[in-house]
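Subject: Structure handover, aromatic contacts

Hello,

My notes on its aromatic contacts follow below.

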Amino acid sequence: MSGRKQGRGRGSSSQRVAARHRGARAPAAGFADRPLEAMRLDGGALLAAGGLLGIGVLMSYSSTAPLALDRLLPPLFVEHVGALAVGLVAATAAMLTPLHVLRALALPAWLVAVALLLANHLIGIEVNGATRWLPLPGLGIRFQPVEIAKLATLLAVCAVVARNPGRRELSVGRDAAAVAIVALPVALLVRQPDFGNAVLLAALATLVLIAAGTPVRRLLAPGLLAAGGIAGYIATHEYALRRVIGFIDPWKDPLGVGFQLVQSFVAFGKGGVVGLGLGAGRQKLSYLPEGHTDFILALIAEELGLLGVLLVLGCFAALWVAGTRIAWQSKDRFALLLALAMTSLLTVPAAVNAAVVMGLVPTKGLTLPFLSHGGTSLVVCCVVLGVLLSAGRQASRTEPRGRRR
């Protein structure tokens with residue numbers, strides 16, 4: 001009797017201990033107090049993107065205020081904030097969209113993007129010698145189809161090459177289909193001309209193909225042809241040749257082809273380590289042309305100094321780490337490729353843009369994601385972030401690769 005009683009007592013004690021352990025592991029106050037855990041969002045990606053968006057708002061006001069001294073809120077700043085609001089709504093919608101839905105929408109989205117690029121050739125608006133803007137009739141709004149095309153094309157490539165069950169090496173048929181998907185928008189971009197984005201799209205698609213299992217040897221011949229095409233394009237197009245000449249020796253013609261790069265150097269030199277202070281920069285006063293767009297990092301260097309530049313680059317580095325982690329933890333092949341593509345779409349242009357303003361590569365005409373003024377770019381970057389977070393939510397439901405047996 002006593003033994004049974006003791007056994008029951010021990011059993012009851014063990015159950016109480018187990019219950020305490022289970023209670024310790026359970027959420028203390030439910031998911032309501034921890035929304036990131038409840039929604040399974042990647043905190044690193046959110047913090048990095050949030051930091052970039054915050055810096056972008058500050059620098060948008062600082063860089064555009066001198067363009068509208070008679071107004072409290074510069075119109076370009078209002079446009080930036082409005083685009084950010086739209087972008088956050090779009091990012092939330094993309095984040096909550098299941099990956100199977102994104103996969104189903106991939107090819108239709110690509111068809112829409114191609115149609116927009118074709119329409120751009122017919123009714124597009126020419127700015128600075130390039131037809132990159134498409135108006136929305138009756139609304140007084142214009143946008144750049146290239147930003148939509150980059151996202152839709154990479155989404156379609158991921159959807160196509162993810163269908164390669166049971167094979168490590170990507171089949172030739174899948175490769176050919178992916179190349180065809182990329183080739184059409186790239187050709188349309190070259191005709192605008194928007195050579196920088198055409199090369200960027202081709203490079204990002206190549207990265208996705210390699211990650212999907214395309215042998216590098218299969219890409220050697222197309223790579224050589226592409227290199228020859230780039231060289232031929234530069235040699236036969238005066239604007240591209242001038243950019244290369246201005247990059248090689250900007251001081252040879254500091255008031256001509258080298259003007260923008262020289263003024264970027266001046267901004268970096270004046271900023272020093274800590275900068276002149278937010279709003280105190282002088283290069284934005286018509287010294288650095290279109291500084292609030294492609295050369296926003298130079299204005300950051302002048303006003304926030306080396307520390308500000310390192311903060312921006314550090315946020316992009318953190319975003320790359322977070323995106324890479326999401327890709328690594330993704331069990332689903334489509335989620336892995338999508339996370340890699342979206343991470344690259346945000347961080348590679350940032351690296352190229354930073355290299356341009358520092359004089360490390362010729363001018364490409366690429367914006368700095370989340371920071372450069374441009375409604376289409378900002379909204380699409382927010383959508384890309386939402387898609388990345390959606391892939392992260394998918395990855396959080398699966399076992400990390402390092403723990404699989």
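Is Y61 buried, partly exposed or exposed? Y61 is partly exposed, at a relative accessible area of 34%. Here buried means under 20% relative accessible area, exposed means over 50%, and partly exposed lies in between (1.4 Å probe, protein chains only).

Some ground rules. This is a predicted model: local features need pLDDT of at least 70, side-chain atom pairs count only at pLDDT 80 or more, and totals for chains, interfaces and linings use all residues. Residues are numbered from 1 along each chain as its sequence is written, and side-chain values use heavy atoms, with hydrogens and water left out.

Aromatic pairs: searching the whole structure gives four. Rings of Phe, Tyr and Trp (its six-membered ring) pair if their centres lie within 6.5 Å; planes under 30 degrees apart are stacked, over 60 edge-to-face, the rest tilted.

One of them is Y61 with F77, edge-to-face, with 5.2 Å between centres and 85 degrees between planes. This pair links distant parts of the chain, 16 residues apart: Y61 is in helix α3 (residues 43–64) and F77 in helix α4 (residues 75–96). Helices are DSSP runs (H or I, at least four residues), numbered from the N terminus. F77 is buried, at 13% relative accessibility.

Y233 and Y239 also pair edge-to-face, at 6.3 Å centre to centre and 85 degrees. Y233 is buried at 7%; Y239 is partly exposed at 27%. Ring pairs join both to F195 in a cluster.

Last, a charge over a ring (NZ of Lys or CZ of Arg within 6 Å of the ring centre and within 35 degrees of the ring normal). The charged end of R142 sits over the W133 ring, 4.6 Å from its centre.

Best wishes

Methods
Helices (H or I, at least four residues) and strands (E, at least two) are DSSP runs, numbered from the N terminus.
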